[in-house]
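This report looks at how some side chains are arranged in one protein model. Please keep the sequence and the structure in view while reading.

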Amino acid sequence: MGWDEGAVFYSEQAQFPHGGGDAGDNRHSILVKMKELIRSNVSFRESLLHNSKYLLVNFEVLEDQWAEIAKLLRTAPSDYLPLFETAAAEVLPSLKSKVDGEEPVSGEVQILLSSKEETVSIRSLGANSISKLVKISGITIAASRTKAKATYVTLMCKNCKNVKMVPCRPGLGGAIVPRSCDHVPQAGEEPCPLDPWIVVPDRSKYVDQQTLKLQENPEDVPTGELPRNILLSVDRHLVQTIVPGTRLTIMGIYSIFQASNSSAAQRGAVAVRQPYIRVVGIEEANETNSRGPSSFTAEEVEDFKKFASEVDSYKEICAKIAPSIYGHDDVKKAVACLLFGGSRKMLPDGVRLRGDINVLLLGDPSTAKSQFLKFVEKTAPVAVYTSGKGSSAAGLTASVIRDNNSREFYLEGGAMVLADGGVVCIDEFDKMRAEDRVAIHEAMEQQTISIAKAGITTVLNSRTAVLAAANPPSGRYDDLKSAQDNIDLQTTILSRFDLIFIVKDVRMYSQDKLIASHIIKLHTSNHVEAPQSNTPKDDNWLKRYIHYCRTECHPRLSDSAATMLQNNYVKIRQDMRQQAHDSGESAVIPITVRQLEAIIRLSEALAKMRLSHVATEGHVLEAIRLFNVSTMDAARSGINQHMNMTAEMQNEIKQAETQIKRRMGIGSHISERRLIDDLGRMGLNESVVRRALLIMHQRDEVEYKRERRVILRK
């Protein structure tokens with residue numbers, strides 16, 4: 001009876017999937033258990049009293065004390081996490097009234113989850129993970145503006161002005177608005193039509209919400225594939241805590257939503273949904289634990305300290321740097337210093353002094369420059385490898401991109417931002433366009449990247465060390481040319497490099513033989529299994545040791561070392577002034593206060609390798625030696641080559657100059673090859689003629705035109 005009278009019948013199945021009223025009782029009993037848990041756990045009570053806005057819950061603690069609640073949170077987090085928040089909000093007033101004796105005021109509490117379990121790959125998330133709790137890690141590449149997300153929408157009927165509150169689904173879900181008004185019309189009253197509701201925004205309840213874009217860590221991307229990214233939704237107290245370029249490990253609920261901008265072709269596919277993750281806990285990975293576990297076991301710490309106390313630990317570290325490369329001992333020492341880094345300092349007036357060391361390798365092809373870069377990319381805790389020709393200014397620093405959905409602009413960090421707290425390896429540095437190279441000036445010295453584009457004005461951190469490799473303009477390092485012609489980079493960028501190595505391919509019988517035997521040995525032992533199995537362990541040990549040193553040790557200069565360094569710097573400046581006076585031209589590589597800071601950073605890095613908190617005179621001496629064999633050696637090569645010739649050679653060059661002037665009239669031009677051949681018939685050596693032409697070119701006596709034609713000017 002009564003089934004045809006038009007009333008609406010409903011079941012509680014949608015609300016409580018496991019069955020009617022029993023599920024309600026079940027939820028109530030779980031709520032009571034959750035309250036008990038919060039009251040009985042000392043750390044939960046204390047953190048709630050200390051900060052009543054949110055409560056950080058560790059899964060390991062939950063599983064120890066209440067395994068049942070932990071299991072429910074894992075399998076159905078969307079159902080039971082709001083219940084946990086309700087329990088915390090209900091417990092909080094009674095806790096406060098006990099401690100402070102105040103009138104209890106109820107408020108919302110956000111539950112943030114954390115866990116020590118292993119992260120899963122973004123690629124492995126599929127349909128079976130939907131509505132489950134997942135833990136993933138990656139790099140934030142974009143962050144949207146904060147929006148207001150309604151938790152409860154207030155609806156008003158157009159006809160009868162009846163008001164109704166409808167809850168909104170959390171995350172990116174909307175509210176389900178009923179089709180009809182539940183007001184029962186009186187006699188003679190017009191019944192409410194279908195879809196009578198209008199939203200009253202002023203009386204609805206809101207929380208802050210922000211969307212982030214998380215990209216896979218570069219080291220997790222399979223070879224030859226593009227990195228995947230996934231949308232994250234954060235709300236309430238997690239909003240505006242993350243900037244682009246930050247490495248994150250997050251816990252969240254893998255959810256789905258209907259994309260608003262789906263094309264007309266896809267609109268027919270009602271069942272297709274976009275995945276996203278509703279974040280319920282964030283662990284920010286800082287520079288020390290950006291890759292791998294940050295906690296060190298007691299055995300590891302003991303092993304590291306024992307290694308650091310050994311006499312030849314510095315030599316051993318340098319031997320572990322790129323063992324497949326023969327020779328280049330000083331370059332290996334410089335790379336070791338770059339990996340360990342100096343101490344970052346914050347001055348009382350807020351100025352930051354960089355602790356990262358920048359190294360430039362300049363020289364001939366096939367001198368293992370790129371191999372060093374690849375080794376550093378593999379060994380450094382955080383590293384990004386990029387090539388000069390394939391990198392633009394925006395790709396290295398940061399770009400402003402317009403979002404397709406909201407049409408608003410957002411920032412996407414480039415290589416220098418993504419490698420914050422690590423190393424950027426830039427190959428083919430000389431092939432970069434000049435305007436792109438200028439973009440990294442600020443990142444190399446101030447360690448920030450300032451952006452003022454499309455209404456976005458901000459400063460991003462790029463606390464990175466730079467390891468760059470470059471070739472001279474002619475491809476090879478030409479001994480006949482001055483350093484000015486060989487190092488074709490601006491003084492502004494050169495002064496930002498702490499160490500500049502000129503790597504030459506020297507032709508020496510004994511050395512060539514050793515290099516050849518080393519390379520052949522590498523190729524022949526490639527198939528042997530034993531050495532292969534040892535290398536990853538060694539690499540991992542070095543990576544962990546670098547982690548430990550960077551985290552635990554921040555050395556400072558001792559007084560005696562500081563005095564010694566001061567005297568040395570003054571002496572170096574005097575020598576360079578004298579050299580400039582003698583040669584009549586300034587050095588290619590300037591020796592400025594930046595170079596003094598470079599030696600300080602090198603001394604600190606050398607002390608850090610030994611886990612010493614004080615950089616002593618010994619460390620300073622080694623730092624000065626490294627500086628002398630690299631930057632000073634490159635700066636001194638600015639002296640014109642004829643300054644240090646024998647008297648006999650100078651006489652030959654003068655003869656050649658006279659013959660060139662006789663052979664050519666002023667203003668006449670001749671091809672260089674023909675001139676050399678003509679003078680060769682007169683008994684003059686080709687190299688002597690070339691050197692004479694070079695010296696005359698430097699004095700502006702001859703000029704080179706297209707196709708190497710020589711013109712005598714005076």
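Lysine 320 lies over the face of tryptophan 541, at 5.4 Å from the ring centre. A charge counts as sitting over a ring if NZ of Lys or CZ of Arg is within 6 Å of the ring centre and within 35 degrees of the ring normal. Lysine 374 is placed in this way over tyrosine 385.

| Lysine | Ring | Distance from ring centre |
|---|---|---|
| Lysine 320 | Tryptophan 541 | 5.4 Å |
| Lysine 374 | Tyrosine 385 | 3.8 Å |

This is a predicted model, in which local features need pLDDT of at least 70 and side-chain atom pairs count only at pLDDT 80 or more, while totals for chains, interfaces and linings use all residues. Residues are numbered from 1 along each chain as its sequence is written, and side-chain values use heavy atoms, leaving out hydrogens and water.

The predictor's confidence in each residue is its pLDDT, from 0 to 100. The protein chain has a mean pLDDT of 76, and 83% of its residues reach 70 or more. Over residues 286–293 the pLDDT stays under 50.

Tryptophan 541 also belongs to an aromatic cluster, together with Phe304, Phe307, Phe340, Tyr545 and Tyr548. Rings of Phe, Tyr and Trp (its six-membered ring) pair if their centres lie within 6.5 Å; planes under 30 degrees apart count as stacked, over 60 as edge-to-face and the rest as tilted. The count by this rule is 9 aromatic pairs. In one of them, the ring centres of phenylalanine 307 and tyrosine 545 are 5.3 Å apart and the planes stand at 85 degrees, so the pair is edge-to-face. Phenylalanine 307 is in helix α7 and tyrosine 545 in helix α18 (residues 529–552), so the pair ties together parts 238 residues apart in sequence. Helices (H or I, at least four residues) are DSSP runs, numbered from the N terminus.

Are these two residues buried or exposed? Phenylalanine 307 is buried, with a relative accessible area of 6%, and tyrosine 545 is buried at 0%. Buried means under 20% relative accessible area and exposed over 50% (1.4 Å probe, protein chains only).

Helix α7 covers residues 298–309. Its buried residues are Val301, Phe304, Phe307 and Ala308. Seen down the helix axis, they fall within an arc of 130 degrees, so they line one face of α7; the arc is that of the directions from the axis to the C-beta atoms. The face turned away from this buried side carries exposed residues, among them Glu299 and Lys306.

Conventions: Helices (H or I, at least four residues) and strands (E, at least two) are DSSP runs, numbered from the N terminus. The expected span of a helix is 1.5 Å times one less than its number of residues. Contact means heavy atoms within 4.5 Å.
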